[in-house]
Amino acid sequence: MDIQKKILVVDDEPEYLELIGKFFQKRGLGFEIAGGCPEGLDWLSRADFDVVVMDVAMPGLDGLQCMLEMKKLQPPPEIVIVTGHSSLDHTIRGIKDGAFDFCLKPVDFDYLLEVILLAKKKYNESLLAQK
Amino acid sequence: MSNLLNRFRNIFKGQREPLLDAQDLEQAFTERYRHFRRLLTANNNALQAMADLEKIYYSGESYRMAAVRSKVTAILVNVYKMIRELRELSGGKYAELENRFDFISKEIEAVIERKPDPPKGPSILPLTEVSRKIRDLTGDKMANLAEAANVQGITIPQGFVLTAAATNYFITQGHLAEMNRRLQILDPDDMEGLYATCDELQQMIINTPLPADLEELLQLHYANLEKKHGEGCLVALRSSALGEDSTGISFAGLYTTILNVDRDHLAEAYKKVIAGKYGPKAIAYRRRRGFRHEDIEMCVGCLAMVNANVSGVAYSTYPAAAGPTVRIVATQGLGSGVVEGSAQSQTYLVNREEPHLFIEEIAIPTPGLLSEQMLAEIAHAALLLENHFEGPQDVEWSFDQEGKLYILQSRPVLIPAEQKELIAPENIVKAGEQPTLLNGGVCASGGIACGPVYHIRTKEDMHTFPKGGIMVVEYPLPDWAPLLGRAGAILAEHGSEAGHLATVAREFSLPAIFGLPGLLATLPEGKEITVNCSERKIFPGCCKTTLAQMKPPRDVMAGSPVQRLTTDALRHITPLNLNDPAAIQFKPSYCETLHDITRFCHEKSVTEMFNFGDRFSFNTKMAKRLVAKVPLEWWIVNLANGIREGAVEDQKSIHLDDIVSVPMLAVWRGISYSPWQGPPPISARGFGSILLQSAMRPELDPAVGSAMNTKNYFLISKNFCNLSVRLGYHYAMVESYISDFLTESYITFRFKGGAADMRRKAVRVRLLADVLREYDFRIELQADILLARIKRQPREYLEKRLQVLGYLITHSRQIDMVMDQKGAVKRYEEKFLKEIDEMLSTASV
């Protein structure tokens, strides 16, 4: 599986970013960090990512709205939502709008890793299918 | 199991898509396969989350709303994914599933997001206007205190209550959402994190300014109090949480009281008491007892300070050697130290009968703190309150400098919690317990039962199952679910707590142990046994010591808001109504729960996917003949990456060395392990030899035959293989996907038919089934149709099983013709098992 492309983590919690950053580093996964949606969109416009791991309960732009913006990119990255609080209605809307997965914090990183790898796989498969 | 028949019927009669060329076929396959694989993954995740949710619910341990929310989220997300993938896989069928999902998820949402009604009423009420009738507005503590004032002979300090309406006005929904978010993300075991978060939350409340009109109202009521107690009088601010003092749930000592507050610090002290709701102890206690934070609303009593000379607590009924007494604990000055256990105090036991004679004085650091007259006065007040509130009371009191007795609080005395039942580890033999017959496996559903063993192998066996019998099966199939109402317990050699049957067993509170090999061999039918599923032990006979332990464990969450809510949510999630795929009700419109939807999607995805080879015909020109040293012809259709890169391919054939399909190579090792020795001797001169000839006759041009009907085809990719073998009169199919993710990996084997009569064919498939069971296949059998499956196993394990299938495909040919010979079945079974074991023990790849 091609795991060369980077993961983009969008979250406004510094502690969580630090933990997940260390986790990715230890496993040799390429990643970048954005502190919010606009910064995330900026990263996506400048570099190649296959998976975005993002919180949707951040101050500012509505997280799901932000996800829809990210999904407009070609090819669209797979979005894994990891959040502290989400109403069920919000969650269902997220998954119907095309989120790859939706996990509530605290999330087990090993579990999250398998989700991310599956998301990468789906991203690659979608690319192949387009070709 | 007639579903199995249907599947086969579809294979033979089912509609076919138009002929596809190589590229289209590859695309059709890869697309469908992706959806199928994702669906299986979502299925496993949904079932696992359901099992997790039930596990925490039935564990008897406490759990928090955050855990329930996480699991419900995972279930909803994965069930929706299954629907999406099934619809993609089936080309848009099953639209009704979306409606069912929306309906069910709305119901669950209504339960999970259920909020207590917002309190209605004035923001501040003088105590003189408070009674137990409005305790939902003032909290129990202040309602009880106000009510105590109505009892002749009881005096309370004057004051007022800032009600739940005030709190609700001060703490907005926005605050609550943010606080819940911060609490949700906490790791439940991270105590340090809990303390830090509590601190943040409390600061957040303290830093929020009080709404101006509320502050004004507070000052107004304080001014009224000043009129009675003198300008600048000091007050005590005391917590009075909703539900705090109700019987059975104590919340004792978790919240904040602030004494000696003056006018300038009123608002600040008020906010501190409100913030006390988010103290670490209070949060931990709510979690343990199953309260969401929104289930507790903090109200605050503002009471004029009593200029206390001596204070303390009294228990209106206290068991002593001489019989019930009133127990009084006193300390100099303010009583807070007694409650907190920090002050030097003195304890008295006083007769409950008038004139409340002093019985005993315990620990006397400051003798003479209370006179007999004062003790009698306190005892009298405590008994008045006990009488009024109809139960033993825990009373806080103070004597002021003038010797006047004030009651500061009165609440019911809690009955001490029962001791929690201890569960011994499985390897400890308790006194009076016999040695076990078997132990281990997985506790799929806790509990104890006793009854006769009954083996269930086929649907027919189900009809004669005795009520209260201990059901012993090889695989915990959903098919057995209808029996759970009759069974005393269920034991299975395979399976885990995440399966459908485990779910249903928990739903029925039916004890169950899964994943315990050797059950069928160790437990003969009719034998009386006792099972202790929580401890995963099986005893011979009726073990009275074990049965004596049967009692429902005390549930600390009983009746709590979180438990009620989880119970209601589970009703829409776990019950399984769609048990029989052959039933007319097996339709989206009959899905009442998320479990029903998963069951439906899974069943239909298998049907949709397994028909691939049958529904999609292909131009046989794209098949290439396999070049290898074996008899018969084998044809390869490369779906994707099944052939080594750079392999020299000609138009007609492909060399075995160029094949890289992992599952195909494994099957091939079985096929080519030892050459088939020809048909059994007895039939060589008759019908058998004709069959042999028809099977062996080479058909050199692949375009001549009618698609897959007469040849052996491998459809391959790197990780996938679908082999159809149609030799003479029997049909066999092996399909496997071997992935790095266990959730995606499986093997399916189907076998049908033969040239012999039905009885002999049936004997052959049973022989195959017996052999496959030895290698852990899950078997479904009907007449001469066999379906065997394995899933969620590592690569090496699956490769060995594929080898077994390859061997059996080669060696079971035409043995149906001799299946009526005496001892033939046993002879073949022994031969097969011996040779397969030899094959597997020789170094593979």
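Predicted model: local features only at pLDDT ≥ 70, side-chain atom pairs only at ≥ 80, totals over all residues.
What percentage of the 131 residues of chain A count as buried? The share is 42%.

**Chain A**

- Chain A contains five helices and five strands.
- Read from the N terminus, the elements of chain A follow the order β-α-β-α-β-α-β-α-β-α.
- If one takes the contacts in chain A between residues at least 6 apart in sequence, 67% of them link residues at least 24 apart.

**Contact between chains A and B**

- Chain A contributes 18 residues to the contact, and chain B contributes 23 residues.
- On the side of chain A that touches chain B, at least two residues each come from helix H4 (88-96), strand E5 (101-104) and helix H5 (109-130) of chain A.
- H4(A) gives six residues, the largest share of the side of chain A that touches chain B.
- By type, the residues on this side of chain A are nine nonpolar, four polar and five charged.

**The helix pair H4(A) and H4(B)**

- Helix H4 of chain B spans residues 96-112, and its axis and that of H4(A) come within 9 Å.
- The two axes cross at roughly 145°.
- From H4(A), the residues that make this contact are Leu88(A), Asp89(A) and Ile92(A).
- From H4(B), they are Ser105(B), Ile108(B), Glu109(B) and Ile112(B).
- The residues of the contact of H4(A) with H4(B) comprise four nonpolar, one polar and two charged.

Terms used. Residues numbered from 1 in each chain as written. Chains lettered and ligands numbered in written order. Contact = placed C-beta atoms within 7 Å. Helix = DSSP H or I, 4+ residues; strand = E, 2+ residues; numbered from the N terminus. Nonpolar A, V, L, I, M, F, W, Y, C, P; charged D, E, K, R; others polar. Axes fitted to C-alpha atoms, helices over the stretch in contact; angles between N-to-C directions. Buried ≥ 20, exposed ≤ 12 C-beta atoms within 10 Å, placed from the backbone.
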